[in-house]
Amino acid sequence: MADTGKADKEKAECGKVVLHTYCHSSCGWRVRLALGLKGIPYEYKSWNLLTREHLSEEFKKISPLQLVPVLEIDGDVLVDSIAILEYLEERYPEKPLLPSDLKKRAAVRTVVNMIASSIQPIQNARVLQGIEKLAGPDARLEWAQEYITRGFTALESMLEKTSGKYCFGDEITLADVLLIPQMNNANRFKVDLSPFPTLVRLRDTLYELELVQESTVEKQPDFPKPTDSGVVDNRIVVHRASATGDHEEIVSQSEDDDCQETQPNEPQSGTSHSSRTEHTKEAKKHFDRYVVESGDNKHKEMARCKYCHREFVYNSTRMSQHLLGAKDSRNYVQTKACGAAPAHVVENLRRLTPGKLSSIRRPPHKYQRVAVDETAQRSNFSRQEREEIVRLVQLQLRQEQSVEVLQSKSA
Ligand SMILES: N[C@@H](CCC(=O)N[C@@H](CS)C(=O)NCC(=O)O)C(=O)O
């Protein structure tokens, strides 16, 4: 027996562990969390779900299911995140993710299975593609929201009884490992989380752990890198971390639940002329246009913002600036997040950036945005500060995409 144990250990030490996944895969996220929590180093092999790499013959040889994640370990190829988690649990019991008590173990597995069988698969790409075929494109979001909400209603009532700091008492279990990525899925599908205070609290507590922060989508090696700076309308995009940027065309074809979805009503930043035109067109929709007499029988064309009713002389650049909050000497953190930046995000930003930011406000407009005014006389954030703010906002909003620090041209 002792010899087998030693042989196993040596095998593990020699054999490399390879995780086949994609940054946006929530099932892959479960596995990287478990590997991290158990302290198992691994190689990251990316298969781009947006470009359908997982449907290639090459990947089919690794997994006939053609789904990620897949884990190569101990010379074996393991398919399916739950099977992988169970394997890791038995193979590396030193840092357990299941409680020693039989009944508690069953309760943790209940939560795991609720998410893995009754929530995530119902909002998975293949299912949503079918729904869209049967009921049209609008049905996708409604369907995903409906089933995540149903699942979360059950989870909330269970976890409000069992949770301490984490889902089950004060130790991290597989329930937490499953909850984190599913909360991110819920966010992407714009699920109203206000009826689920326990889930939100647990998510926020878990996000305090560095290991969890490191496991997020945008921290993965295959997450698209920030694009170069460029001029967009009257704004200078000084930093861009967007998963949609380079892949816009591909994304619009993709219907994968575990990939970014474009926000069709949001202005998409970019450097091309066509995206600028689109953006201006989009901005115009948010104003009522009317004419006033300005004396001498002359007429002035006016625009009234539909959100705050502010009036302008009709000027498309001014109008987009108004919507985007571009004003002199100010930096903005703009999120193309779904749903408004909630009050606790603003609160947390304030807390996390003491002394650096004089005010953080949340304007009433459709374009979700956290505007960050600078203190003192400075008109620029340093690159490092910008990156830090982007990171904080992403973390707070649990949004891996489309956070920009914008700066008006004249600043
Ligand atoms: N039961 C599987 C589900 C895997 C799964 O749904 N993977 C998604 C990403 S999270 C995927 O590969 N989707 C691609 C597709 O549906 O074609 C597991 O837990 O690993």
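The model is predicted: local features require pLDDT of at least 70 and side-chain atom pairs pLDDT 80 or more, while totals for chains, interfaces and linings use all residues. Residues are numbered from 1 along each chain as its sequence is written, and side-chain values use heavy atoms, without hydrogens and water.

**Helix 6**
- In helix 6 (residues 125–135), a DSSP run of H or I with at least four residues, A125, L128 and I131 are buried (under 20% relative accessible area, 1.4 Å probe, protein chains only).
- Viewed down the axis of helix 6, the buried residues fall within an arc of 120 degrees, so they line one face of the helix; the arc is taken from the directions from the helix axis to the C-beta atoms.
- K133 and L134, on the other side of helix 6, are exposed (over 50%).
- The buried residues of helix 6 pack against helix 7 (138–162), with contact meaning heavy atoms within 4.5 Å.
- G136, which follows helix 6, has a positive phi near 90 degrees.

**Second largest pocket**
- The volume of the second largest pocket is about 430 Å³.
- Helix 2 (26–37), helix 4 (81–91), helix 5 (102–119) and helix 6 each give two or more residues to the lining of this pocket.
- Its lining comprises 27 residues, with C27, L67, V68, Q120 and N124 nearest the centre; lining residues have an atom within 4 Å of a point on a 1 Å grid, and a pocket is an open set of points where a 1.4 Å probe fits, with protein on both sides within 12 Å along at least five of seven lines.

**Cysteines**
- The whole structure contains zero disulfides (cysteine sulfur atoms within 2.5 Å).
- C23 is buried at a relative accessible area of 0%, and C167 is also buried at 0%.

Key:
Points joined across faces, edges and corners; volume = space filled by probe spheres on them.
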